[in-house]
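Trainee: I'd like to learn how to read packing in a model like this one. Can we look at it together?

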Amino acid sequence: MVLGAEGAARLVRRAARRRADGSRGLWARGAWRRLVQACAEGDPAVQEAVRAMAADLPEADVQELLAAAPTEPADAAAYLALIGQSAQSRALDPDGSLLALSYRGASAEERSALRDAMSGLGILDVLRVLAGQGSQQGDFTSLDEHERTYLVEKLADRHDWDRLWSLTLLMPLPEAVRTADEFGDWRPSGEDDRRVFEALRAADWNAVTKFVDSLVGAGSLNSIPRTRISLTDPDEQSISVHHLDFALDGTQLAFAGRGTGHCAGIVDLDSLTLVWLDDDLPHPAQRIAHVGSDAMIFVARKQIHYADESGTVELATQPGEVRGVKRIAGDRAFIVTARDPEVPTAWTVFVGCSGGRLTDSGAVRGRGYLDPRPCTVDAEGRLIAVAGETDIVVADLADSAVNKLIRPKIWNVNMRHAAISPSVLACGTVPGGLHVWHEPLTTSQAPITTRPWTYGTSPIHLAWSPALDRFLAVTGTHLQLLDVPPTPDTPMPEDPVSEQIPLLADNPRARARCAQVSPRGDLLAVGALEKGTVDIYLLTALTLRPFIADPMGAMTHKDLTKVVAVMEHPVLNDMSRQALGLLRTCLEHRFRHDVGIGEAAGVAAPGDYEIELGELQERKRAAGTRT
């Protein structure tokens, strides 16, 4: 039975009673035996009480305590520390390796007690256990935040700045920034160390912490790096955007909206400036598609228009009612789902290029009654899917393969969105249903159906992200990450929405009017969260989530490669770029150090940076051979 602090204090008082000759009486001997037994059983309160009086214990008492020590060396080292026998602890464990082993296997409560106990053993012993002696990096990165804080305080009290600096670059980035303020006027000796040190000192701890916490979704913070574009027409009237579409390579964004009048244009995402704007459209652009070469296709009052910097023109061929336009593979190539002008009751898929004529692709002709609702194209612009009122058709434009899919058992005509991955077609309905077909170009199976949304909360956009390797949904207020299995062998979760990320956390009432994920899946554009704005979210920042809050000492070359890729994306906002730039600086410095000590670079996972580091190592070996 664990005694607790009060019970341990009472037992100590009883055991301390002595007769006139200095010996213990019957009750005192019984209390002492209970103390020794409780110490051996690991009672933390009793061990703390015995540690407090360790200096005053007679040799006979010490010997009884030592006799009760565990037989396992690591456990014995911890036991000796916990009962305050520092001399015996050093004799058994001169380099602290046994304590380190015991510490790593202890619970959080036991670790806390060990830290308190080790304070009496001298700072070097504490450091050997917490920071590690033979494998400094591995031991230190396994510590939790409280342990790292404890260690920083001890090193700072001792003014052991060299040791503290060597550990700073192994900490999580926000802790490293905070720790940099502990050094006062001290500076590291090496030039590159000083450069990294000054970068940490100059960083804004609040901004770095907010970036990391927001990206990992800590507490109430949960967001993705966002850059806002404010759109205005020549009269400086805000443009309210209602349609968006990315260029195939994600470097431009086409939009349609209304400022002083109806307008459409293209934004360059490298410079966040307008490439061109046509603000004199006689009618609103209802559907748009960026087709490359600074050009777009849009539908206005049933007429299809081609627009670029040279102006806007109607296509020579005009079908009947148009339901959708999408970019496909090829120079300024696109498809149009529309009524056949020659057979008004039939719907078909036309293929067009630039300002030329439209031709019937034949992809859906003769495939039943197809009244197209959503239409989607894969990331390569080759595979298309058209969901109609009663039928769904998937076609490969490159080899003319076509598959008419089996309808869901419960079919709702209000199909709203469709998205296609290399192995899955997903369709969302207005009432909130989600239908999933695996291998849609060849399957003869009925879809898997779930209902992740309720009526009125269904997404405004559904997309496949190659960059994240998952489906995404965008509602008026949130980005949703969907868990859709790539094969039918894996069961579909009852609720495939695994996470929701607010689009505008500081304004939860804001509602998006439109949204679009880029073909590569690295960007999300959201229109009209606030009047005259388009917000661009860098989705690849989510690839940093698994490690961004971890100690930098646990990060690999692959992690650094991901950091650099996100940091160098032109749409990243300044605060995020500064935080990731600081992380990059720290990691590059640490990896150079790993190469300098020999073996550490070899254990890191392979990545873009490992090639360069390996070459440097080979040059060093070659130089050593020549000498």
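Trainee: Which residues have the most contacts inside the largest nonpolar core?

Mentor: First, the ground rules. This is a predicted model, with local features needing pLDDT of at least 70 and side-chain atom pairs pLDDT 80 or more, while totals for chains, interfaces and linings use all residues. Residues are numbered from 1 along each chain as its sequence is written, and side-chain values use heavy atoms, leaving out hydrogens and water.

Mentor: In soluble globular proteins, nonpolar side chains tend to be buried together. A nonpolar core here is a set of buried Ala, Val, Leu, Ile, Met, Phe, Trp, Tyr and Cys residues joined through side-chain atoms within 4.5 Å; buried means under 20% relative accessible area, with a 1.4 Å probe and protein chains only. The largest one has 94 residues, and Leu200, Leu479, Leu524 and Leu580 have the most contacts inside it.

Trainee: How many aromatic pairs does a search of the whole structure find?

Mentor: Rings of Phe, Tyr and Trp (its six-membered ring) pair if their centres lie within 6.5 Å; planes under 30 degrees apart are stacked, over 60 edge-to-face, the rest tilted. The search finds seven pairs. Trp165 and Phe197 make an edge-to-face one, 5.3 Å centre to centre with 75° between the planes. That pair links helix α12 to helix α14, its residues sitting 32 apart in the chain.

Trainee: Is Trp165 buried or exposed?

Mentor: Buried, because its relative accessibility is 6%.

How values were computed
Helix = DSSP H or I, 4+ residues; strand = E, 2+ residues; numbered from the N terminus. Buried < 20%, exposed > 50% of the residue type's maximum accessible area, 1.4 Å probe, protein only.
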